[in-house]
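This briefing sets out the computed features of one protein model, grouped by topic. Please consult the sequence and the structure shown here alongside the notes that follow.

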Amino acid sequence: MTASDTAGASPEPLVLVSRGEGDLAGVLTLTLNRPRHFNALSEAMLDALQRALDDTARDAGARVVVLAASGAAFCAGHDLKEMRAQPSLDDYRKLFDQCTRVMMTMQRMPQPVIARVHGLATAAGCQLVAMCDLAVAASAARFAVSGINVGLFCATPGVALSRNLTRKQAMEMLLTGEFIDAPTARERGLVNRVVPMERLDAEVAALCRSILAKPAAAVAAGKGLFYRQLETGIEAAYQMAGQTMACNMMDECALEGVQAFIEKRRPDWAPPTD
């Protein structure tokens, strides 16, 4: 399954979609595939990614999503050449609305999304990393919201960045456009794990296996609640969380998990066989 450029300008799919094998069969990897342009988010790329995400969100067999990229960079942000070719306020508004839909789809889909960051992630590329639920970076990866260097404050990436880093850390990146390295990104909360490039796939796989070992219903319910409560006051957050946990406790996976804990055995979350 692939999502490609609907305009037909590129013979290669702009987003490659592959499914894992064996114990990783529940993992779907979406690979940004515009390497000669450092995977810049052109309108066609955003459209391809949106369709791939929508398809994946409806895929009952997909338990975890990995967002990866081909070539030297993870993602260099928006395609500035394309943007400059159409200097219209309406066109810019449509582009940023399109980008926002992609970002919010990743957050709203039931599967956890893990960014596999092997190289440069700048501007909207850094925003992609920040909007993923988890992120694993190679030690050589670098991050920046560098629009300010060309007179464009990275406002939309700032929304995601400010929900990962502290305010002053986010503002420093936004106001200076300076890069941070992978260890600094981990210290500041932008990524979860940093490993040498040769261990990147193994580390992502280990994280996927840990999530795959948990019940899908609990993971999906928990992800949805996590983001909803972040955007509300503490009292409303507790109300939503309590309702979510009450419903979760009535789910078969929780009933089995709690009973297994009481009986001091491993829970049996295997799906029923016909």
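The buried residues of helix α9 are V219, K223, L225 and Y227, where buried denotes under 20% relative accessible area, exposed over 50% and partly exposed the range in between (1.4 Å probe, protein chains only). The structure is a predicted model, in which local features need pLDDT of at least 70, side-chain atom pairs count only at pLDDT 80 or more, and totals for chains, interfaces and linings use all residues. Residues are numbered from 1 along each chain as its sequence is written, and side-chain values use heavy atoms, with hydrogens and water left out.

**Confidence**

- The average pLDDT of the protein is 91, and 95% of the residues score at least 70; pLDDT is the predictor's confidence in each residue, from 0 to 100.
- Residues 1-10 have a pLDDT below 50, and this stretch has 21 contacts in the model beyond near neighbours in sequence, a contact being heavy atoms within 4.5 Å.
- Where pLDDT is low, the predicted coordinates should not be read in detail.

**Helix α9**

- Helix α9 covers residues 216-230, which is 15 residues; helices (H or I, at least four residues) and strands (E, at least two) are DSSP runs, numbered from the N terminus.
- From its first C-alpha to its last, α9 reaches 22 Å, close to the 21 Å expected at 1.5 Å a residue; the expected span is 1.5 Å times one less than the number of residues.

- Three strands form an open sheet in the order β6-β8-β9, with mixed pairing; two strands pair if DSSP finds at least two bridges between them.
- At the edges are β6 (121-122) and β9 (180-181), each of which pairs on one side only.
- Strands β6 and β8 (residues 142-144) run parallel and are joined by two bridges, and A144 in β8 is the bridge partner of T122.
- F179 occupies the loop between α6 (167-176) and β9 and is partly exposed, at 34% relative accessibility.
- Leaving aside residues up to four places away in sequence, F179 touches L120, T122, R142, F143 and A144.
- The C-alpha atoms of F179 and T122 are 8.5 Å apart in space, although the two residues are 57 residues apart in sequence.

**Salt bridges**

- The whole structure holds 12 salt bridges, each being a side-chain nitrogen of Lys or Arg within 4 Å of a carboxyl oxygen of Asp or Glu.
- One of them joins D59 to R19, with the closest N and O atoms 2.6 Å apart. This pair links distant parts of the chain, 40 residues apart: D59 is in the loop between α1 (43-57) and β4 (64-69), and R19 is in strand β2 (residues 15-19). R19 is partly exposed, with a relative accessible area of 43%.
- A salt bridge also connects the side chains of D79 and R34 (2.9 Å, N to O). D79 lies in the loop between β4 and α2 (80-85) and R34 in the loop between β3 (27-32) and α1, so this pair ties together parts that are 45 residues apart in sequence. Both D79 and R34 are buried.
- R58 and D55 meet through their side chains in a further salt bridge (2.9 Å, N to O). R58 is exposed at 62% relative accessible area, whereas D55 is partly exposed at 33%.

**Positive phi angles**

- N39 is not a glycine, yet its phi is positive, at about 55°. N39 lies in the loop between β3 and α1 and is buried, with a relative accessible area of 0%.
- K264, likewise a residue other than glycine, has a positive phi near 55°. K264 belongs to the segment after α11 (252-262) and counts as exposed, at 77% relative accessibility.

**Nonpolar cores**

- The largest nonpolar core has 57 residues, of which L67, L128, V129, F143 and L190 touch the most other members. Such a core is a set of buried Ala, Val, Leu, Ile, Met, Phe, Trp, Tyr and Cys residues joined through side-chain atoms within 4.5 Å.
- Helix α1 gives the most to this core, with seven residues.
- L128 touches L32, L41, L49, L67, F74, C75, M103 and M106, not counting residues up to four places away in sequence.
- A second, separate core has 16 residues, among them V64, V195, A205 and L212.
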